[in-house]
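Trainee: Could you take a close look with me at one part of this protein? I would like to start from a single residue near the end of the chain and see how it sits.

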Amino acid sequence: MTAAATTTKNVITHLSFTRLKELAHSPLALSRYIDKVFEPTAAMIDGQLIDCLLFTPDEFESRFFVMPDDAKKPTKAQINAAKPSPATLEQIERWDRLMESVKGRAIVKSEQVEEASFLANSVRNDAVVTYSGLLNPDNFKFQVPVEFSYRGFFHRGIKDADGKDRNGNRVVWDLKRMGSRSGEQLVRSQIRNNMYDLQAAIYCHVEDSRNEPITYYLIAVDNDGYVTPFEIGRDAREKARVQWNLLISAAHRLNMDEDLSQGPGFWGDGDGFFHY
């Protein structure tokens with residue numbers, strides 16, 4: 001066993017779509033995800049920026065700080081110079097003032113905001129989104145927490161949007177950004193590859209368990225601003241529930257064994273091998 005493979009006791013305190021997705025790879029992947037100290041990556045900040053501009057634009061100023069294009073962070077050599085030049089002193093002082101203005105907000109560049117605004121507007125102006133009223137603030141709530149207990153585990157998540165479409169039908173939908181050009185075939189393959197049908201099953205669980213009508217949409221946008229709406233229906237969600245139940249059973253077993261050290265071989269046959 002490698003040094004990276006660790007034994008962790010009773011760490012699965014709750015489940016989420018991301019945790020289930022990690023467990024679908026291996027217990028070790030889940031263990032590393034749980035233990036990980038998260039530092040926002042550029043991709044994460046870009047995603048948060050699009051979500052904010054689309055769903056909660058009034059929160060932009062409180063969550064993001066747009067760094068001036070001409071601002072330059074002083075180097076260590078400049079900061080430690082015995083006799084810094086007046087230009088260097090001015091640069092250091094300006095940077096310090098900018099850092100004081102950040103106040104815990106995510107730092108973004110103007111080009112990031114422009115790109116995020118373009119993609120958010122692409123979604124906002126999409127014919128299907130507009131026709132169905134999926135961004136109507138009178139009918140939808142955005143960034144809605146999901147919390148429920150299912151088969152012995154507390155589940156958590158955040159739905160991008162929850163409400164009713166123009167015809168009064170209950171709808172939950174999530175925005176997904178895709179790097180390559182979206183389209184029906186690509187989105188269909190990505191749903192399975194990224195287990196988005198499982199996410200749909202989780203977010204519609206309460207209504208599906210009561211046999212109440214609810215529709216789940218995945219709205220995909222690519223880097224060129226092409227928007228592909230996709231419905232993940234009840235049948236697909238029920239198929240995903242089979243995998244969901246399997247993952248929950250595995251989580252219970254792992255908590256009983258008090259061991260999350262096993263890699264992908266956990267999902268292999270009895271001897272740990274995958275057969276081809």
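Mentor: Happy to. Glu-258 counts as partly exposed, at 32% relative accessibility (buried is under 20% relative accessible area, exposed over 50%, partly exposed in between, with a 1.4 Å probe and protein chains only). Bear in mind that this is a predicted model, in which local features need pLDDT of at least 70, side-chain atom pairs count only at pLDDT 80 or more, and totals for chains, interfaces and linings use all residues. Residues are numbered from 1 along each chain as its sequence is written, and side-chain values use heavy atoms, leaving out hydrogens and water.

Back to our residue. Glu-258 belongs to the segment that follows α12 (234–257) (helices, H or I of at least four residues, and strands, E of at least two, are DSSP runs numbered from the N terminus). Its backbone deserves a look: Glu-258 is not a glycine, but its phi is positive, near 55°.

You will find Lys-103 in the loop that links α6 (86–102) to β3 (106–109). With a relative accessible area of 71%, Lys-103 is exposed.

For a contrast, turn to another loop. Thr-56 sits between α3 and α4 (60–63), and its relative accessible area of 12% makes it buried. Beyond its neighbours within four places in sequence, Thr-56 is in contact (heavy atoms within 4.5 Å) with Asp-51, Arg-63 and Gln-143.

Now for a helix. α7 covers residues 110–124, 15 residues in total. At 1.5 Å a residue (times one less than the number of residues), α7 should span 21 Å, and the 20 Å between its end C-alpha atoms agrees with that. Buried residues of α7 are Gln-112, Val-113, Ala-116, Leu-119, Ala-120, Ser-122 and Val-123.

Residues 1–8 need care, as their pLDDT stays under 50. For residues 1–8 the model has 18 contacts beyond four places in sequence. Where pLDDT is low, predicted coordinates should not be read in detail.

How values were computed: pLDDT = per-residue confidence, 0-100.
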